[in-house]
Each structure stands twice: as structure tokens, then as C-alpha cells.
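Please look over the model below with its aromatic rings and its nonpolar cores in mind. The questions that follow take up these topics in turn.

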Amino acid sequence: MWNVTDWKKVVFSDESRFVLGTDDNRVRVWRRPAYDSRSTLIVMRGTLMDQRYVDDILRTHVGPFLNCLPEAIFQQDNARPHTARVAQDFLCHFQTLPWPARSPDLSPVEHVWDQLKRRMPSCHSVHDLELAVQDLWVHLP
């Protein structure tokens with residue numbers, strides 16, 4: 001059975017999708033991993049494919065963070081890019097928390113995304129979205 005000390009080692013990862021305007025102009029906002037702080041956000045336009053997830057998120061942000069914390073346990077949900085072979089191959093060098101299919105998302109960041117989306121003004125450009133998300137992220141309780 002896990003205790004509080006075990007759970008403090010877990011680094012949760014999560015992203016949320018925003019849609020700009022009426023067309024299918026998708027933007028994903030991803031939270032850079034961090035312990036006990038509000039980390040910076042990464043805004044990515046377009047579809048998040050498996051290799052892009054590895055190159056732009058795992059290799060660039062997650063790997064360097066986890067390399068500095070050898071006891072960290074990385075947790076992500078079962079989104080398709082997260083479970084892709086290329087992502088799993090990259091993460092095999094790190095300790096991860098297995099997440100069974102159809103499991104509830106326990107990431108504490110989910111509640112933050114929910115609050116953020118409720119307060120989000122209507123945005124019609126990636127630039128406006130990025131500014132609004134960063135501003136709200138800093139001011140959430």
C-alpha cells in the first residue's frame with residue numbers, strides 16, 4: 001500500500017485541448033513537469049502525434065526534469081500519444097507509474113484545467129490564447 005511519501009515522488013503530467021473559433025483550430029496546452037509549484041505551460045498548435053509528443057514534450061521537457069530527480073515516478077494518462085511504442089521506448093529509462101486502461105484520471109492538474117477553462121475568455125488566435133492561459137494559470141488559487 002502506498003503512503004504519502006510514495007505519492008510525493010509522483011510527477012503528474014497532463015495537457016488540455018482548447019479550440020479556437022468555430023473551425024477545428026485545435027491548440028494543446030501542456031503543463032511542464034514540476035514538484036510543488038506552478039510550472040510554465042507549453043502551447044502547441046495542431047495535432048499531437050506520437051513522434052511529436054516524444055520530440056517536443058518528453059525529450060525536451062520530461063527527460064531533463066526526470067534526469068535531475070532519480071527517485072521521481074512519472075505518471076501520464078492513457079492518451080494515444082502517451083501509450084505509443086515510441087513514447088514507451090523513450091520512457092523505459094525512467095520509473096513510470098503504470099496506468100491501466102479505462103482508469104480514472106487522478107492527476108491533480110485536471111481540477112486546475114477545469115477551473116482555467118471556466119474562467120477562460122473567448123480567444124480567436126493562438127497568441128491571445130497563450131496570453132490568457134498564462135495569465136489565468138498564474139492567478140488560479
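Q: In this predicted model, which residues do ring pairs link into a cluster?
A: The count of aromatic pairs comes to three, and one of them is the stacked pair of Trp7 and Phe12, with 6.5 Å from centre to centre and 0° between the planes. Ring pairs link into a cluster the residues Trp2, Trp7 and Phe12.

Q: Does Phe12 count as buried or exposed?
A: Its partner in the stacked pair, Trp7, counts as partly exposed because its relative accessibility is 37%. For Phe12 the relative accessibility is 15%, and since buried means under 20%, Phe12 counts as buried.

Q: Which element gives the largest share of the largest nonpolar core?
A: This core has 18 residues, and those that touch the most other members are Tyr53, Ile57, Leu58, Val62, Leu66 and Phe74. Two or more residues come from each of β4 (41–45), α2 (50–67) and α4 (85–91). The largest share, seven residues, comes from α2.

Q: Which residues does Ile57 touch, leaving aside those up to four places away in sequence?
A: Ile57 belongs to the largest nonpolar core and is among the residues that touch the most other members. With residues up to four places away in sequence left out, Ile57 touches Trp30, Ile42, Met44, Arg52 and Val62.

Q: How many disulfides does the count come to?
A: Cys68, at 64% relative accessibility, counts as exposed, and Cys92 likewise counts as exposed, at 55%. A disulfide requires a pair of cysteine sulfur atoms within 2.5 Å, and by this rule the count of disulfides comes to zero.

Terms used
Residues are numbered from 1 along each chain as its sequence is written. This is a predicted model: local features need pLDDT of at least 70, side-chain atom pairs count only at pLDDT 80 or more; totals for chains, interfaces and linings use all residues. Side-chain values use heavy atoms; hydrogens and water are left out. Buried means under 20% relative accessible area, exposed over 50%, partly exposed in between (1.4 Å probe, protein chains only). Rings of Phe, Tyr and Trp (its six-membered ring) pair if their centres lie within 6.5 Å; planes under 30 degrees apart count as stacked, over 60 as edge-to-face and the rest as tilted. A nonpolar core is a set of buried Ala, Val, Leu, Ile, Met, Phe, Trp, Tyr and Cys residues joined through side-chain atoms within 4.5 Å. Helices (H or I, at least four residues) and strands (E, at least two) are DSSP runs, numbered from the N terminus. Contact means heavy atoms within 4.5 Å.
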